[in-house]
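Work through the exercises below with the sequence and the 3D structure at hand. Each task is followed by a solution in steps.

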Amino acid sequence: MGQSASSAAAVACRRERDQGNRSVNISKTRSTASVSPMVGYSCGTGEGDSENRRVETATDGTTDYISDLPNECLASVFQFLGSADRNRCSLVCQRWLQIEGQSRHRLSLNAEAELFSAIPSLFSRFDSVTKLALKCDRRSVSIRDDSLVLISQRCPNLTRLKLRACRELTDAGMETFAKNCKGLKKLSCGSCTFGSKGMNAVLDNCALLEELSVKRLRGITDAAAAEPIGPGVAGSSLRTICLKELYNGQCFGTLILGAKNLKTLKLFRCSGDWDRLFQLMADRMTKMVEVHLERLQISDIGLQAIANYSNLEILHLVKTPECSDIGLIAIADRCKLLRKLHIDGWKANRIGDDGLIGVAKGCPNLLELVLIGVNPTKTSLEMLASNCQNLERLALCGSDSVGDPEISCIAAKCVALKKLCIKSCPVSDQGMEALANGCPNLVKVKVKKCKGVTPEGGDWLRRTRGSVAVNLDTGEAELQEASASDGGAQENGLEFPQMPAQIAAAASSTSGSTARSSSFKSRLGLLSGRSIVANTLRRWSGGSTSARHG
């Protein structure tokens with residue numbers, strides 16, 4: 001009798017699996033989930049159904065071993081699936097629906113105002129979410145404070161929150177959220193309109209906050225009148241601060257100075273003079289490891305202050321025209337642990353051989369060097385190759401001085417080099433021939449818009465060095481609307497952020513200004529198409545920022 005009942009349950013379970021229309025459906029076009037009631041038998045939802053799962057057999061007489069898997073094992077399997085596959089698995093049966101929901105720790109939702117009514121059912125199913133993204137289309141009305149507060153009540157264990165274009169959120173909503181989610185470790189907000197009070201509420205309540213990323217925070221309209229931000233109780237826990245496109249970035253100065261354990265600081269296109277802040281930081285930031293500066297008003301004074309960070313390992317200087325060889329030499333003299341250096345000189349010719357020779361003398365641990373709009377000669381390249389014997393990755397872009405003699409020098413001297421990227425340099429097939437006979441550890445070469453290099457030269461290099469992947473593109477690159485900080489890199493920690501010169505689109509969308517000087521426009525024209533370097537290096541690094549669900 002019991003066996004007959006078990007068989008009936010198994011048949012019902014298979015029927016439910018085949019039909020699939022009685023389970024929860026997550027829309028493919030929207031990140032929110034609509035929940036519908038389940039009807040019929042489950043494939044086993046608890047201990048009482050374990051016997052049913054063991055005796056279930058398919059119509060051909062074979063045993064259904066999947067139904068015999070413990071819930072914990074099935075949840076572990078789900079962890080290896082992407083979001084779309086997990087959604088499909090949730091349609092198999094009620095048991096899978098329940099396990100998939102309880103084992104999903106990451107969720108991304110369309111944060112439009114209509115989300116409010118779905119929050120209770122959503123977080124009844126996904127009751128283990130610790131990482132949440134709320135993104136709203138710029139043309140839609142975003143969620144309001146009541147939605148954020150309700151989410152914080154349903155997800156008290158939230159550790160990561162990403163807010164995008166949630167323009168209806170206010171300081172009051174952020175304050176209540178922060179009080180309910182005191183275990184928050186990472187906050188990323190972009191194009192939001194709450195102000196310094198809301199930000200301070202997070203810093204005052206979230207003592208475990210390790211990473212803060214802020215982009216286009218609209219709520220602080222007057223930097224002089226706004227209250228200082230931070231450091232609060234998060235001052236001792238913060239490890240990473242990233243500020244992007246802020247006219248009022250100086251308001252975060254108190255936070256930066258108070259984050260005594262800060263290791264990574266990234267500043268992208270933030271207005272104001274930053275030299276003074278770095279001078280104040282000089283004696284306080286003893287643990288700083290990584291600094292990214294892009295389109296920032298900073299001079300050699302600021303670089304000389306950064307030189308005090310004796311533990312500095314990664315430095316990006318992107319379009320900082322007031323920085324010169326003097327500041328770079330100061331960093332090279334005192335930052336002996338430097339292993340990654342990215343410089344976009346913006347064709348200003350303020351950083352050249354002298355600065356690079358200083359790096360060669362002072363930074364023997366250099367593993368990666370990216371030079372864009374910088375004109376090194378054979379003299380500095382030879383010094384780098386001789387002194388930095390662990391150099392594995394090198395990119396040369398838009399350098400008028402890098403020709404066949406310089407490539408021959410690299411081929412002869414850079415014995416540890418594994419990956420080389422050359423773009424818009426006066427290199428010919430002769431340089432490719434030199435690479436064929438040098439760099440014994442070379443595994444990949446990327447050549448872009450070097451008019452002297454012919455397809456035949458690239459093919460010859462492939463034949464000669466069969467183990468080397470050669471990517472050759474002699475055509476003109478299309479203008480890409482991107483910037484160094486827009487590569488998901490920065491929210492996810494990409495090793496090689498994009499460094500194209502096409503900042504115009506991003507700058508106009510953030511500042512709303514259409515005024516451009518003729519020199520600025522010409523510079524953009526000269527540097528167009530640089531994203532190939534960043535894309536290549538990002539793949540070379542082996543880093544991946546694709547979000548894993550679960």
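This is a predicted model: local features need pLDDT of at least 70, side-chain atom pairs count only at pLDDT 80 or more; totals for chains, interfaces and linings use all residues.

**Exercise 1.** Determine which residues of helix H3 are buried and what covers them.

Solution. Step one: helix H3 spans residues 71-78, and its buried residues are Leu74, Ala75 and Phe78. Step two: viewed down the axis of H3, these residues fall within an arc of 100°, so they line one face of the helix. Step three: the cover over them includes helix H4 (83-89) and helix H5 (94-103).

**Exercise 2.** Describe the surroundings of Gly101.

Solution. Step one: Gly101 sits in helix H5. Step two: its relative accessibility is 0%, so Gly101 counts as buried, the limit being under 20%. Step three: with neighbours within four places in sequence left aside, Gly101 is in contact with Arg125, Phe126 and Asp127. Step four: the C-alpha atom of Gly101 is separated by 9.0 Å from that of Val129, which is 28 residues apart along the chain.

**Exercise 3.** How many disulfides does the whole structure hold? Consider Cys450 in particular.

Solution. Step one: a disulfide is a covalent bond between the sulfur atoms of two cysteines. Step two: a search of the whole structure finds zero disulfides. Step three: for Cys450, the closest cysteine sulfur is that of Cys425, at 5.3 Å, which is too far for a bond; the cut-off is 2.5 Å. Step four: Cys450 is buried, its relative accessible area being 1%. Cys93 also counts as buried, at 1% relative accessibility.

**Exercise 4.** Which residues have the most contacts inside the largest nonpolar core?

Solution. Step one: the largest nonpolar core has 125 residues, and Leu134 and Phe278 have the most contacts inside it. Step two: apart from that core lies another, of eight residues, including Cys89, Val92, Cys93 and Ile99. Step three: beyond its neighbours within four places in sequence, Leu134 has contacts that include Leu109, Leu115, Ile143, Leu148 and Cys166.

**Exercise 5.** Summarise the protein as a whole: its helices and strands, its buried share and its contacts.

Solution. Step one: the protein has 22 helices and 17 strands. Step two: of its 550 residues, 53% are buried. Step three: among contacts between residues at least 6 apart in sequence, 75% join residues at least 24 apart. Step four: the accessible surface comes to about 23000 Å², and 49% of that belongs to carbon and sulfur atoms.

Definitions and conventions: Residues are numbered from 1 along each chain as its sequence is written. Side-chain values use heavy atoms; hydrogens and water are left out. Helices (H or I, at least four residues) and strands (E, at least two) are DSSP runs, numbered from the N terminus. Buried means under 20% relative accessible area, exposed over 50%, partly exposed in between (1.4 Å probe, protein chains only). Contact means heavy atoms within 4.5 Å. Accessible areas come from the Shrake-Rupley method with a 1.4 Å probe; for residues, only the protein chains shown count as cover. The arc is that of the directions from the helix axis to the C-beta atoms. A nonpolar core is a set of buried Ala, Val, Leu, Ile, Met, Phe, Trp, Tyr and Cys residues joined through side-chain atoms within 4.5 Å.
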